[in-house]
Amino acid sequence: MARELKIGNKLIGDGHPTYVVAEIGINHNGDIENAKKMIDAAKHAGVDAVKFQKRTPELCVPDNQKNQMRETPWGYITYLDYRYKVEFGEKEYREIDRYCKQVGMDWFASVWDENSVDFLEAFDPICYKIPSASLTDSNLLKKIRSTGRPAILSTGMSTMEQIRKAVGVIGLEKLIITHATSTYPCEPEELNLRMIDTLRKEFPCPIGYSGHEVGLIPSVLAAGMGACMVERHITLDRAMWGGDQAASVEPSGFERLVKYIRVAEQSLGDGVKKVYDSELPSLKKLRRVQE
């Protein structure tokens with residue numbers, strides 16, 4: 001099968017530009033205006049799409065965590081209450097959909113449960129993202145497959161056996177697999193970027209990278225190693241409250257990330273040695289012994 005997939009109006013895969021995703025996730029902290037500012041920043045940086053997260057909190061929060069208390073911007077509340085505070089509903093997603101269309105930005109979301117798939121179907125999403133935490137949820141995978149939409153499978157905190165099983169459930173026909181390490185932020189020695197090549201050798205679908213490191217170099221390197229998609233969290237300020245902020249990239253950093261990835265793509269070439277016209281003056285001036 002061809003190692004390419006169409007999402008929205010763009011082809012993703014070998015021979016195509018790296019598809020760059022800015023994950024807003026829940027870095028908006030429940031504020032739609034923050035979300036719009038991040039959409040604007042992503043648009044300015046030249047990314048291909050922004051991504052949100054959609055959960056049904058009462059289904060996604062494990063029972064043993066629902067009543068755990070934590071400090072939040074809304075006071076000392078239960079973890080379940082916190083999840084509701086940062087969860088956008090229909091009103092907010094209608095506004096996200098409207099605003100993204102206004103500025104010309106594709107968007108989609110990670111779905112953490114089957115109800116969230118039903119919720120997002122109303123917005124005719126370009127694809128679904130399966131978060132690493134849900135890789136072993138076969139019912140969710142089957143639900144996403146039943147929509148007929150492209151899917152992106154993140155593989156953090158998973159074994160190869162679990163990845164193979166998940167791929168067997170969702171199928172390869174409309175699938176992108178992204179290598180990830182689910183630590184926020186992730187230390188360089190645990191990024192294991194060579195997994196991109198491991199996944200490319202085993203699965204004939206496009207392979208991408210979802211990064212949670214501090215800095216930009218590993219994400220650019222991932223693109224150079226064959227990742228057809230690079231996804232990083234975006235934030236307005238890494239000092240903002242929230243568990244994902246420290247592993248996120250601020251707007252100016254996202255501009256550099258996209259620029260560096262495009263330069264890396266141009267630099268790879270085709271692997272065929274040639275003498276470029278630009279080299280001829282140097283050849284004439286500097287080579288002492290001519291053949």
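The crossing of helix 10 and helix 11 is right-handed (a crossing is right-handed if the near helix is turned clockwise from the far one by less than a right angle, and left-handed if anticlockwise). The model you are looking at is predicted, so local features need pLDDT of at least 70 and side-chain atom pairs count only at pLDDT 80 or more, while totals for chains, interfaces and linings use all residues. Residues are numbered from 1 along each chain as its sequence is written, and side-chain values use heavy atoms, with hydrogens and water left out.

Let us stay with the two helices. Helices (H or I, at least four residues) and strands (E, at least two) are DSSP runs, numbered from the N terminus. Helix 10 and helix 11 pack with their axes 9 Å apart, at an angle of about 30 degrees; axes are lines fitted to C-alpha atoms, for helices over the stretch in contact, and angles run from 0 to 180 degrees between N-to-C directions. That makes helix 10 roughly parallel to helix 11 (angles under 35 degrees count as roughly parallel).

Eight strands form a closed barrel in the order 3-4-7-8-9-10-11-12, with parallel pairing. On average, neighbouring strands of this sheet are turned by 30 degrees against each other, direction ignored. Histidine 179 has tyrosine 209 in strand 11 as its bridge partner.

Next come the pockets. A pocket is an open set of points on a 1 Å grid over the protein atoms alone, where a 1.4 Å probe fits, with protein on both sides within 12 Å along at least five of seven lines; lining residues have an atom within 4 Å of a point.

| Largest | about 470 Å³ | 9 nonpolar, 12 polar, 8 charged residues |

Of the 29 residues that line the largest pocket, Gln53, Arg55, Trp112, Tyr184 and Asp244 are the closest to its centre. Helix 4 gives the largest share of that lining, 3 residues.

Which residues are the closest to the centre of the second largest pocket? Of its 15 lining residues, they are Gly13, Gly15, His16, Thr18 and Ala223. Our two helices return here: helix 10 (217–224) and helix 11 (251–268) each supply at least two residues of this lining.

Key
Grid points are joined across faces, edges and corners, and a volume is the space filled by probe spheres set on the points. Ala, Val, Leu, Ile, Met, Phe, Trp, Tyr, Cys and Pro count as nonpolar, Asp, Glu, Lys and Arg as charged, and the others, Gly among them, as polar. Two strands pair if DSSP finds at least two bridges between them. Angles under 35 degrees count as roughly parallel, over 145 as roughly antiparallel, 65 to 115 as roughly perpendicular and the rest as oblique.
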